[in-house]
Amino acid sequence: MSDWLGLQGKVYIVTGGSSGIGKAIVDELLAAGAQVINADIHSSVQLHPRLHFIETDVSSKTAVEHLIATTLKKAGTIDGIVNNAGINLPRLLADQKHPHGRYELTEEIFDQLLAINLKSVYLLSQAAARIFYQTGTGVVINISSEAGLEGSEGQSIYAATKAAINSFTRSWAKELGKFNIRVVGVAPGIMEETGLRTLEYEEALAYTRGITVDALRKNYSKVSTIPLGRSGRLEEVANVVSFLLSDRASYISGVTMNVAGGKTRG
Ligand SMILES: NC(=O)c1ccc[n+]([C@@H]2O[C@H](COP(=O)([O-])OP(=O)(O)OC[C@H]3O[C@@H](n4cnc5c(N)ncnc54)[C@H](O)[C@@H]3O)[C@@H](O)[C@H]2O)c1
């Protein structure tokens, strides 16, 4: 196996590694010879001698502290983290047709999105930074979304959490750079199907856009807005993440990279 990235023997925590983009990142890192800790609320059937699953609700401080302690016990150190776990529940700010209806934003949804998509990133990054101070090196990768750069109809809270993550990336790169810690964001665009695309998600998004679920599904394959003419493969995000974790990316920090086939408008 070529070790151009030099990830053999390194230890990485990937949140939300049981499905979709997170699982693709776990697979790439394992293929590159790293030890991987998958911190997910849902278990995975995946078995590999260098893969450990630690059941974690990333929005819970206690669970994140347990994750760090268990990782150190199992692997001895942490070289980097990938803040990938996230959810998306489309809602309208105010539903003009059905005020207070099912697809109008509520405090509960607001709090849930902020806890899982944003607070989690703060909790794990803080805990990891404390380890990185001791080891003198470390990388934080924040999985954002193109929606965080452009906004998205029916997905304002989701987009807001991702925009806030982009801001974390810029600020933390400034705070942590002097300790040889890099912080980089990755913003996927339109990707092939993952666990995010549930029927509940599709029904909600279709409603907020005033179209049927069938019409929404037809739009997935309408790729005229993507210069490369297709949706992205999950490993295309995972490849970028592996590179950014590696010392090959040693001078990259404080930026969020679009992995969106050239698409720059929402
Ligand atoms: N799929 C896309 O098109 C796309 C585009 C841009 C950005 N993203 C981002 O990529 C990331 C991964 O999304 P995906 O599409 O692979 O979704 P997914 O649903 O396939 O995977 C998300 C994983 O996060 C886990 N998770 C959810 N809540 C959790 C919690 N509280 N604690 C720990 N784990 C939890 C889930 O169990 C799941 O395994 C998300 O941050 C998402 O916003 C996805």
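Let's start with a term we'll need: buried means under 20% relative accessible area, exposed means over 50%, and partly exposed is in between (1.4 Å probe, protein chains only). Helices (H or I, at least four residues) and strands (E, at least two) are DSSP runs, numbered from the N terminus. What you have above is a predicted model, where local features need pLDDT of at least 70, side-chain atom pairs count only at pLDDT 80 or more, and totals for chains, interfaces and linings use all residues. Residues are numbered from 1 along each chain as its sequence is written, and side-chain values use heavy atoms, with hydrogens and water left out.

With that in hand, go to helix 6, residues 199-208. Its buried residues are Tyr-201, Glu-202, Ala-204, Leu-205, Ala-206 and Thr-208. An α-helix has 3.6 residues a turn, so residues three or four places apart point the same way. What do the buried residues of helix 6 pack against? They pack against helix 7 (213-220), where contact means heavy atoms within 4.5 Å. Just after helix 6 comes Gly-210, which takes a positive phi of about 65°.

Now for the ligand. It is surrounded by 27 residues, and the closest are Ser-19, Asp-40, Asn-84, Tyr-158 and Thr-194; a residue counts as near a molecule or strand if one of its heavy atoms lies within 4 Å of it. By type, this shell divides into eleven nonpolar, 13 polar and three charged residues. For that tally, Ala, Val, Leu, Ile, Met, Phe, Trp, Tyr, Cys and Pro count as nonpolar, Asp, Glu, Lys and Arg as charged, and the others, Gly among them, as polar.

Look at Asp-40: a polar atom of its side chain sits 2.6 Å from an oxygen atom of the ligand. Ile-41 uses its backbone instead, with a polar atom 3.3 Å from a ligand nitrogen. Val-58 also has a backbone N or O atom 3.0 Å from a nitrogen of the ligand. How much of the ligand's accessible area does the protein cover? On its own the ligand has 830 Å², and the protein covers 92% of that; these areas come from the Shrake-Rupley method with a 1.4 Å probe, and for residues, only the protein chains shown count as cover. The elements giving two or more residues to the shell are helix 1 (20-31) and helix 5 (156-176).

Leaving aside neighbours within four places in sequence, Ser-120 is in contact with Val-58, Ser-59, Asn-83 and Ala-115. Ser-120 counts as buried because its relative accessibility is 5%.

Next, the nonpolar cores, each a set of buried Ala, Val, Leu, Ile, Met, Phe, Trp, Tyr and Cys residues joined through side-chain atoms within 4.5 Å. The largest has 29 residues, and those touching the most other members are Ile-25, Leu-29, Val-82, Ile-141, Val-186, Val-241 and Leu-245. Strand 1 (11-15), helix 1, strand 5 (138-143), strand 6 (181-188) and helix 8 (234-245) each supply at least two of its residues. Which element gives the most to this core? That's helix 8, with seven residues. Apart from this core lies another, of 27 residues, among them Ala-39, Val-64, Leu-123 and Ile-131.

Is Asp-95 buried or exposed? Its relative accessibility is 4%, so Asp-95 counts as buried. A polar atom of its side chain lies 3.0 Å from the backbone nitrogen of Lys-97, and the backbone nitrogen of His-98 is 3.1 Å from a polar side-chain atom of Asp-95. Beyond its neighbours within four places in sequence, Asp-95 is in contact with Glu-104 and Tyr-207. His-100 is in the loop between strand 4 and helix 3 as well, but this residue is exposed, because its relative accessible area is 74%. Its phi is near 65°, a positive value in a residue other than glycine.

Technical notes: A polar contact is a pair of N or O atoms within 3.5 Å; within protein, one must be able to donate a hydrogen and the other to accept it, and residues adjacent in sequence count only if both atoms are side-chain atoms.
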